[in-house]
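Visitor: I would like a close look at one part of this protein, with enough of the whole around it to keep my bearings. Please take me through it with care.

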Amino acid sequence: MTARELINFLGIIEKLKTTPRHNVMRSGRVESVAEHSWRLAVMAMLAAGEEQGLDRDRLIKLALVHDFGEAITGDIPAFIKTDENRKTEREAIAELCEGLPDKECGELKSLFSELDEMSSPEARFMKALDKCEAVLSHNEADISTWLPLEYELQLTYGQKECSYFPFTRELRRELEEDSRRKIAEEGEKQ
């Protein structure tokens, strides 16, 4: 990869630093896609050792790149994302790869394919962590920022994805308890 190819690619994904997500942080500021991906990569790095046989480096790579397409498409919350949106994201990945050498393009496409197909334990574990990170972020936000449907989503979102690994099941259970506590506290205020 040449220095110019790297600079050009980084210029495209730089948009992730200012692409808003459907989440308000504890500070009251809207979270960016890059902030979400960074924390997900930290989660992956720290949790990888909790499940035997996971390739930590691959898991971190999956976490770092999983939302690259949103540099082009923007963030679409999971609860409204359609198959057409997913298709557009796949096309965005192809567009991102156009300026990369074959080797790097091939690696990115391989990572995205692995995520799309959930074809590895690392992809399934990362998807579970991704769901948990979203629930954690909402738990940290002021409950006044939640949409009405998020009261139920906080209790159900990612349950299936988290069911495959003992650690993510435990993590999801803990997050659900935090959500229930937050909802109960809100009810007590009213």
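Before we turn to that part, what radius of gyration does the protein chain have, and how does that value stand against a compact globule of 190 residues? After that, please show me how helix H5 and helix H6 meet.

Guide: This is a predicted model, and in it the protein chain has a radius of gyration of 17 Å, which agrees with the value near 16 Å that a compact globule with 190 residues would have. Taken along the principal axes, the box filled by the C-alpha atoms is roughly 60 × 35 × 30 Å, and 42% of the 190 residues count as buried. The chain holds 10 helices and 2 strands, in the order α-β-β-α-α-α-α-α-α-α-α-α from the N terminus on. Of the contacts between residues at least 6 apart in sequence, 65% join residues at least 24 apart.

Now to the pair you asked about. Two packed helices are described by the angle between their axes and the distance between those axes. Helix H5 spans residues 83-97 and helix H6 spans residues 102-117, and their axes come within 9 Å and cross at roughly 165 degrees. Because angles over 145 degrees count as roughly antiparallel, H5 is described as roughly antiparallel to H6, and the crossing in which H5 passes H6 is right-handed. On the H5 side, the contact is made by Arg90, Ile93, Ala94 and Cys97, which meet Cys105, Leu108, Lys109, Phe112 and Asp116 of H6.

How values were computed: Residues are numbered from 1 along each chain as its sequence is written. This is a predicted model: local features need pLDDT of at least 70, side-chain atom pairs count only at pLDDT 80 or more; totals for chains, interfaces and linings use all residues. Side-chain values use heavy atoms; hydrogens and water are left out. Axes are lines fitted to C-alpha atoms, for helices over the stretch in contact, and angles run from 0 to 180 degrees between N-to-C directions. Helices (H or I, at least four residues) and strands (E, at least two) are DSSP runs, numbered from the N terminus. Angles under 35 degrees count as roughly parallel, over 145 as roughly antiparallel, 65 to 115 as roughly perpendicular and the rest as oblique. A crossing is left-handed if the near helix is turned anticlockwise from the far one by less than a right angle, and right-handed if clockwise. Contact means heavy atoms within 4.5 Å. The radius of gyration is taken over C-alpha atoms; the globule rule is 2.2 Å times the number of residues to the power 0.38. Buried means under 20% relative accessible area, exposed over 50%, partly exposed in between (1.4 Å probe, protein chains only).
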